Amino acid sequence: MSRATGYDRHITIFSPEGRLHQVEYAFKAIKAGNLTAVGVRGQDSCVVVTQKKVPDKLIDPSTITSMFKITRNIGCVMTGMTADSSAYVQRARALAAEYKHQNGYDIPVHYLANRLADKAQVYTQNAWMRPYGVGCILIAVDDEGGPQLYRCDPAGTFAGFRACAMGQKDIEAFNFLEKKLKKKPDLDESATVELGITTLQHIYSSDFKPSEIEVAVVTAGNTAFRVLSEQEVDRHLTAISERD
């Protein structure tokens with residue numbers, strides 16, 4: 001009823017049911033990317049995992065990625081509209097650079113997540129803007145808090161997680177992660193990586209090749225955000241298949 005009367009045409013107008021349809025459409029844009037990203041926080045590390053799909057055989061696969069470095073120690077995985085992802089990451093890098101220029105040290109990941117969520121929320125209040133059609137999962141190792149995992153969405157909300165997902169099959173991923181983390185609350189680096197990969201394999205009922213997924217990690221021993229090579233991913237895939 002509310003859509004028929006035009007409430008979905010304006011981002012700043014609530015429907016009679018108290019909904020902002022354009023913001024809901026932004027969440028659908030994330031799922032329309034047909035990718036799912038998973039983040040897992042372990043005892044001494046954090047990992048993000050997502051699929052890697054090259055849309056055309058003529059495209060150089062090395063130029064396609066959903067993993068982005070914000071600062072040396074903070075990275076993220078983006079899910080949703082590719083062009084919006086680039087703009088979102090550029091904004092995150094600008095916020096991080098501005099913070100370091102003003103304060104003399106790197107921005108804490110929780111504060112960066114907060115600032116990004118604040119910016120996204122402003123985009124839901126102005127008629128001349130539209131929300132970002134992307135979701136973001138941030139990871140870092142904090143000097144005081146240890147491994148950190150945050151998720152930001154187009155509505156402008158953010159929260160820290162032990163494990164989370166965003167994208168096409170995020171609900172299935174959340175259900176799987178909840179069951180797994182009840183049994184193993186503390187995970188070392190290898191177990192954290194393999195849980196992230198196993199989650200993707202489970203929700204898609206598929207065994208991935210090393211070239212079909214991207215995995216990035218930060219650890220207490222090496223706080224720099226880095227994307228694993230295909231050889232490293234293959235070792236984890238082999239360990240998973242041998243265990244199963």
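Residues are numbered from 1 along each chain as its sequence is written, and side-chain values use heavy atoms, with hydrogens and water left out. As the model is predicted, local features need pLDDT of at least 70 and side-chain atom pairs count only at pLDDT 80 or more, whereas totals for chains, interfaces and linings use all residues.

Helices (H or I, at least four residues) and strands (E, at least two) are DSSP runs numbered from the N terminus, and two strands are taken to pair if DSSP finds at least two bridges between them. An open, antiparallel sheet is formed by 5 strands in the order 3-4-5-6-7, with strand 3 (67-69) and strand 7 (158-160) at its edges, each pairing on one side only. Strand 6 (residues 146-152) is joined to strand 7 by 3 bridges, and Cys152 stands opposite Phe158 in strand 7.

A further open sheet of 5 strands, also with antiparallel pairing, has the order 8-1-2-9-10; its edge strands are strand 8 (163-167) and strand 10 (226-227). Within this sheet, strand 2 (residues 45-51) and strand 9 (residues 213-219) pair over 7 bridges, and Ser45 is found opposite Thr219 in strand 9. Thr36 lies in strand 1 (residues 36-41) and is buried, with a relative accessible area of 0%, where buried means under 20%, exposed over 50% and partly exposed in between (1.4 Å probe, protein chains only). Beyond its neighbours within four places in sequence, Thr36 is in contact with residues including Val49, Met166, Asp170 and Tyr204, contact being heavy atoms within 4.5 Å.

The whole structure holds 5 salt bridges, each defined as a side-chain nitrogen of Lys or Arg within 4 Å of a carboxyl oxygen of Asp or Glu. One of them joins Lys31 and Asp170 (2.6 Å, N to O), linking helix 1 (residues 21-31) to helix 4 (residues 170-183) across 139 residues; Lys31 is partly exposed at 32% relative accessibility, while Asp170 is buried at 13%. Asp84 and Arg130 likewise meet in a salt bridge (2.8 Å, N to O), which connects helix 2 with the loop between helix 3 (109-122) and strand 5, the two residues being 46 residues apart. In this pair Asp84 counts as buried at 8% and Arg130 as partly exposed at 46%. Glu194 and Arg243 form another salt bridge, with their closest N and O atoms 3.0 Å apart; because Glu194 lies in helix 5 (residues 189-204) and Arg243 in helix 6 (residues 230-243), this pair ties together parts 49 residues apart in sequence.
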